[in-house]
Amino acid sequence: MHTRTEPTLGGETSSRAPGSLEAFDRMLTTFDEAFARFGASRAMRFLTSRSFTQRHYAAALREFYFYTRDNPQLQASLTLHLRGSQRTAVKRLLAHAIAEVGHDQMALDDLRTLGEDVRSVESGGPLPSTIPMIAFPVWQLTQGNPIGYLGHVFFLEFMPTRGGRSYLQALASAGIPSAACSFISEHAAVDVQHNQLMRQHVADLVLSEADLDACVQAIRTSAHLYAHMLEGAFASVTGEL
């Protein structure tokens with residue numbers, strides 16, 4: 001660990017900056033804790049129950065479409081807030097953002113495979129339980145510490161690589177064809193590379209304790225909101241979970 005004075009996004013300085021390994025390890029520990037709570041949520045317990053059906057999966061895919069369609073633009077907008085040495089991450093962050101393009105279409109493709117009419121999805125809107133998941137990263141980037149957005153991405157990238165295989169097994173047990181699971185399969189595979197990128201993102205962007213605290217809080221918040229989104233999607237099928 002080293003000590004240095006770095007400008008923060010608020011214009012103040014911090015006399016102590018976390019080392020990159022310290023910051024990443026704390027974020028990973030926070031993710032482990034948040035992921036355990038996420039796995040114990042009503043939504044994830046329902047996913048592995050005998051009550052889970054293709055209709056519930058289709059409801060989740062609709063919400064995946066809504067929360068992912070603006071992710072590339074949001075991630076790219078983070079670069080507007082970078083200062084000083086943080087700017088070395090601009091090219092990498094933009095490439096990462098471009099890699100997110102089309103994930104919303106994967107959700108629609110999976111819905112088509114299930115026989116759903118995707119036109120009604122594209123012309124509709126998200127459930128109330130999904131709106132916080134969409135709104136939180138916007139708030140973090142515009143009203144909170146923008147570097148905290150990295151914590152939001154951290155959860156979204158590490159969650160499918162940690163649990164993707166078990167999620168796919170649960171879907172198979174529910175009779176969901178593998179051809180309709182491209183969204184989850186893609187994230188479970190591609191996000192392994194993004195997890196590796198995250199170490200460098202953290203090293204380049206998390207320059208103060210305030211930055212690290214914001215990322216930690218964003219990981220916890222994202223886990224909570226993701227579970228809430230799924231609970232709302234599943235409940236929309238039968239009226240209750």
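**Close-up views of a predicted model**

View 1. Gln140 lies in helix α8, where helices are DSSP runs of H or I with at least four residues, numbered from the N terminus. This is a predicted model, in which local features need pLDDT of at least 70 and side-chain atom pairs count only at pLDDT 80 or more, while totals for chains, interfaces and linings use all residues. Residues are numbered from 1 along each chain as its sequence is written, and side-chain values use heavy atoms, with hydrogens and water left out. Gln140 is buried, with a relative accessible area of 6%; buried means under 20% relative accessible area, calculated with a 1.4 Å probe on protein chains only. Leaving aside neighbours within four places in sequence, Gln140 is in contact with Asn145, Pro146, Gly148, Tyr149, Ala214 and Ala218, contact meaning heavy atoms within 4.5 Å. The C-alpha atoms of Gln140 and Leu78 are separated by 10.0 Å, although these residues stand 62 residues apart along the chain.

**View 2. The packing of α8 with α9.** Two packed helices are described by the angle between their axes and the distance between the axes. Helix α8 (residues 131-142) packs with α9 at an angle of about 145°, and their axes are 8 Å apart; the axes are lines fitted to C-alpha atoms over the stretch in contact, and angles run from 0 to 180 degrees between N-to-C directions. From α8 the contact takes Met133, Phe136, Pro137, Gln140 and Leu141, and from α9 it takes Tyr149, His152 and Leu156. These residues divide into six nonpolar, two polar and no charged, where Ala, Val, Leu, Ile, Met, Phe, Trp, Tyr, Cys and Pro count as nonpolar, Asp, Glu, Lys and Arg as charged, and the others, Gly among them, as polar.

**View 3. The largest nonpolar core.** The largest nonpolar core has 68 residues, and those with the most contacts inside it are Phe38, Tyr57, Phe64, Tyr226 and Leu230. Such a core is a set of buried Ala, Val, Leu, Ile, Met, Phe, Trp, Tyr and Cys residues joined through side-chain atoms within 4.5 Å.

Technical notes:
Helix = DSSP H or I, 4+ residues; strand = E, 2+ residues; numbered from the N terminus. Buried < 20%, exposed > 50% of the residue type's maximum accessible area, 1.4 Å probe, protein only.
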